[in-house]
Amino acid sequence: MRIDILTLFPEMFAGVLNSSILKKAQEKKAVTFNVINFRDFSEDKHKKVDDYPYGGGAGMVLMPQPIFSAVEHITANTNKKPRIILLCPQGEPYTQKKAEELAKEEHLILICGHYEGFDERIREYLATDEISIGDYVLTGGEIAAMVICDSVTRLLPDVLGNQMSAASDSFSSGLLEYPQYTRPANFRGMKVPDVLLSGHHEKIAQWRKEQALKRTKERRPDLYEKYIESLS
Ligand code: ADE
């Protein structure tokens with residue numbers, strides 16, 4: 001997979017993209033990240049990328065030209081159409097299901113907004129998707145783009161060491177994950193549930209299922225309802 005990130009703050013990405021699983025995924029050639037400053041594509045003599053909103057009001061709006069030109073530059077030598085994703089609070093709420101959908105693509109372009117937002121023509125004529133990572137407002141789309149890079153890359157083939165670990169994550173089953181323990185069996189008097197030490201695989205699987213259901217019902221009644229409905 002190739003992921004191009006258009007941003008005015010490319011320096012924000014180095015730490016996240018060059019650590020842990022994302023670093024390994026690049027070394028394994030499962031993914032290539034290109035972080036591009038779209039200011040470089042501005043045709044304005046001062047490299048301006050934003051301007052006042054028509055009709056007045058506070059804040060600045062990202063102009064279409066630098067972003068259209070940057071995307072045209074990226075797609076000039078590609079034959080398959082990429083997904084072009086705007087990160088913004090007005091977007092579709094991001095979920096594991098959306099991450100799974102995006103992980104099937106060959107090429108993503110992530111566009112990080114800043115200031116009051118994008119000129120509407122970017123939304124209407126350029127973007128294929130608009131994504132929000134939650135009902136809160138960030139100063140820009142960069143952190144949201146990192147969330148997409150991370151959640152999509154870990155789903156790509158051969159990226160996670162243990163093939164099973166992505167499949168057993170919270171959400172991919174529709175339920176939150178069951179509690180996990182490791183050694184010691186007794187830490188300062190706090191004990192690991194006996195069933196996990198029993199070696200009885202069927203009982204362990206049953207306990208985990210019950211715990212996942214209980215936790216989901218308590219913490220995320222919305223997910224629990226959906227899960228129960230999906231069974232019928
Ligand atoms: N940009 C600003 N806030 C955002 C959010 N919640 N999700 C995605 N992009 C954003």
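1. A backbone N or O atom of Leu-138 lies 3.0 Å from a nitrogen atom of the ligand, a polar contact being a pair of N or O atoms within 3.5 Å, where within protein one must be able to donate a hydrogen and the other to accept it, and residues adjacent in sequence count only if both atoms are side-chain atoms. Taken alone, the ligand exposes 270 Å², of which the protein buries 96%, with accessible areas from the Shrake-Rupley method and a 1.4 Å probe. A polar backbone atom of Ile-133 is likewise found 3.0 Å from a nitrogen atom of the ligand, and for Cys-88 a backbone N or O atom is 3.2 Å from a ligand nitrogen atom.

2. The model is a predicted one, in which local features need pLDDT of at least 70 and side-chain atom pairs count only at pLDDT 80 or more, while totals for chains, interfaces and linings use all residues. Residues are numbered from 1 along each chain as its sequence is written, and side-chain values use heavy atoms, with hydrogens and water left out.

3. The shell around the ligand holds 13 residues, and Cys-88, Ile-133, Gly-134, Tyr-136 and Leu-138 are the closest; a residue counts as near if one of its heavy atoms lies within 4 Å. By class, this shell has 9 nonpolar, 4 polar and no charged residues, Gly being counted among the polar ones. The strand β5 gives the most to the shell, with 3 residues.

4. The ligand takes up the space of the second largest pocket, where more than half of a molecule's atoms must lie within 2 Å of the grid points. A pocket is an open set of points on a 1 Å grid over the protein atoms alone, with protein on both sides within 12 Å along at least five of seven lines, and its lining residues have an atom within 4 Å of a point. The second largest pocket contains about 300 Å³ of space. It is lined by 22 residues, and closest to its centre are Leu-87, Cys-88, Pro-89, Leu-138 and Gly-140. Its lining divides into 11 nonpolar, 9 polar and 2 charged residues.

5. How much space lies in the largest pocket? About 420 Å³ lies there, and among the 14 residues of its lining, Thr-95, Gln-96, Lys-97, Phe-171 and Leu-223 are closest to the centre. The largest share of this lining, 4 residues, comes from α10, and the lining as a whole has 4 nonpolar, 5 polar and 5 charged residues.

Terms used:
On a 1 Å grid over the protein atoms alone, a cavity is a set of points where a 1.4 Å probe fits but cannot get out, and a pocket is an open set with protein on both sides within 12 Å along at least five of seven lines; lining residues have an atom within 4 Å of a point. Helices (H or I, at least four residues) and strands (E, at least two) are DSSP runs, numbered from the N terminus. Grid points are joined across faces, edges and corners, and a volume is the space filled by probe spheres set on the points.
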